[in-house]
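Please have your viewer open alongside.

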Amino acid sequence: MYINGIGNLNQEEQKCLIPLDKSENSLFVNGKDGVKGVYSTLDKKLQLVEFDNKTLTYVKSSVGHPAIYELKNPEFIAPAHAVLMDLDGTSVHSESFWIWIIEQVTAWMTGNNGFSFETDDLPHVSGYSVSEHLSYCIKKYAPKTDLKDAVNKYFEITEYEMNEILLGRGKPGAFTPAPNLKEFLYTLKENGVKIGLVTSGLYQKAWPEILNAFQTLGMGDPVDFYDAIITAGTAIRKGQSGTLGEIEAKPHPWLYAETAMALGVTDKSRIIGIEDSAAGVMSIRLAGFAALGVAGGNLKQSGMMPFLYNKTENDGLMSLIPTILGR
């Protein structure tokens, strides 16, 4: 089986795509107007529309706006001139903390203090924007809740928990640097590779994470180390302006595209991204870059293996160095 933008898929990789008769809103119908096939990813967040010479990716959205992008098969030439790195789950292990925060909000929405997520919920409450996560929880568990109220509660709980962490009495193990993060980052720096940090998280949640991780590693100020840091922006709250990044975050391509622009590297074949989530991998791919996956996220559950540069998850950051540097 061949898919434009991905290449040849073996039988196991074909299981990562679910055949459909038509796309969302019946915009594309299999067998009509040149459509050769319509597929969904396993997490049902994305749909692929296959033509003879191209594949379109339909990015669904429960908030903001859906969008259609062409999926191209990127070329990567080592050594990389720039590496774009995700924050949660890739650079810092904090995903369980943010899932826990969403869980607390859902407990508030349902009035059930003992609420906990089911295993099937996990791909839908990690890797995307806060609004996407909460929209999913509202639809499944608390349909009478207004999204705005849920978002406000999210920030209320987050601000409290962040302050508790800064005071040294917060949730234990909330932010832990990924294994060998320091060694990995310094290896890239020593080889002249520019490094961009990219996250769908809002600044209010992202900055304490990386700052805390750098303090733990004794690496100083992250602003002085990274060549670019791009977040989803500021919170959409009373008295503040929102950002496109919160409603059109990963898997839309804009955060990664903006980071590459900030780094000043224009040759896409010399840029590679690193992610642990399905939304992040597709964000990298739709921005036109090759993507490497690290274990620990939702890549296998979401069916992302065919979209990765080496078609597999990698066990640890240092295992990526040979690919990145061409060694």
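What follows covers a pair of helices, the loop that joins them and a neighbouring tryptophan.

This is a predicted model, in which local features need pLDDT of at least 70 and side-chain atom pairs count only at pLDDT 80 or more, while totals for chains, interfaces and linings use all residues. Residues are numbered from 1 along each chain as its sequence is written, and side-chain values use heavy atoms, with hydrogens and water left out.

Let's begin with the helices, which are DSSP runs of H or I with at least four residues, numbered from the N terminus. The angle between α3 and α4 is about 120 degrees, and their axes lie 10 Å apart; axes are lines fitted to C-alpha atoms over the stretch in contact, with angles from 0 to 180 degrees between N-to-C directions. On the α3 side, Val-130, Ser-131, Leu-134, Ser-135 and Ile-138 meet Leu-147, Ala-150, Val-151 and Tyr-154 of α4, where contact means heavy atoms within 4.5 Å.

Accessibility is buried under 20% relative accessible area, exposed over 50% and partly exposed in between, using a 1.4 Å probe and protein chains only.

| Residue | Relative accessible area | Class |
|---|---|---|
| Thr-145 | 19% | buried |
| Trp-108 | 40% | partly exposed |

Thr-145 sits in the loop between α3 (130-141) and α4 (147-166). Leaving aside residues up to four places away in sequence, Thr-145 touches Met-109, Ile-138 and Ala-150. Trp-108 belongs to helix α2 (residues 95-110) and, with that same exclusion, touches Asp-149, Ala-150 and Lys-153.

Methods
Helices (H or I, at least four residues) and strands (E, at least two) are DSSP runs, numbered from the N terminus.
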